[in-house]
Amino acid sequence: MRNHSKPAIWVLAAHHQAGSFYTASSPSADLTLSETIENDDADVRERDLHRHQPGHMMNDAGRRTSLQAHSTARSLTASDLARRLAEHIESLRLSGSVERIHLVAEPNMLGLLREHLTKPAAKLISSQLVRDPAHDDGESLRRVLPNYL
């Protein structure tokens, strides 16, 4: 059962620094910013993000070599942001506040979002646009989205 007090059409504009949720009151309406979830570590230098540096080991030749982390700290913070955005989408879904969602995201963030969405939440995705929305506002996003959301 859908909650009729909130718009059913949502747009998520996501990049490595933040995800902004916009609403539209009808399929052809303008977008209104509802909420922004930020990645607090997005602008921190990579070396400052490391909380635990990889260690060292001795190789077969008796030389000391550095162990490499499998994921960079920056990619982990982006993944954490994607997880938080996906959790917000899931809470919207569970509350009945969303009928469909349009995603506008940079390529890496789009992939991370897809990894973190639940199957029922993924079914709400109506369209996806690969674009860096870092400098977009609701008006510029509306121009690049389908005329009828």
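Me: Before we start, buried means under 20% relative accessible area, exposed over 50%, and partly exposed in between (1.4 Å probe, protein chains only). Which of those classes does D80 fall into?

Reply: This is a predicted model, where local features need pLDDT of at least 70, side-chain atom pairs count only at pLDDT 80 or more, and totals for chains, interfaces and linings use all residues. Residues are numbered from 1 along each chain as its sequence is written, and side-chain values use heavy atoms, with hydrogens and water left out. D80 has 30% relative accessibility, so it counts as partly exposed.

Me: How many salt bridges are there?

Reply: A salt bridge here is a side-chain nitrogen of Lys or Arg within 4 Å of a carboxyl oxygen of Asp or Glu. By that rule, the count is six.

Me: What separates R83 and D80 along helix 2?

Reply: Their side chains form a salt bridge at 2.3 Å, N to O. Helices (H or I, at least four residues) and strands (E, at least two) are DSSP runs, numbered from the N terminus. R83 and D80 sit three residues apart in helix 2 (residues 73-95), so the separation is about one helical turn.
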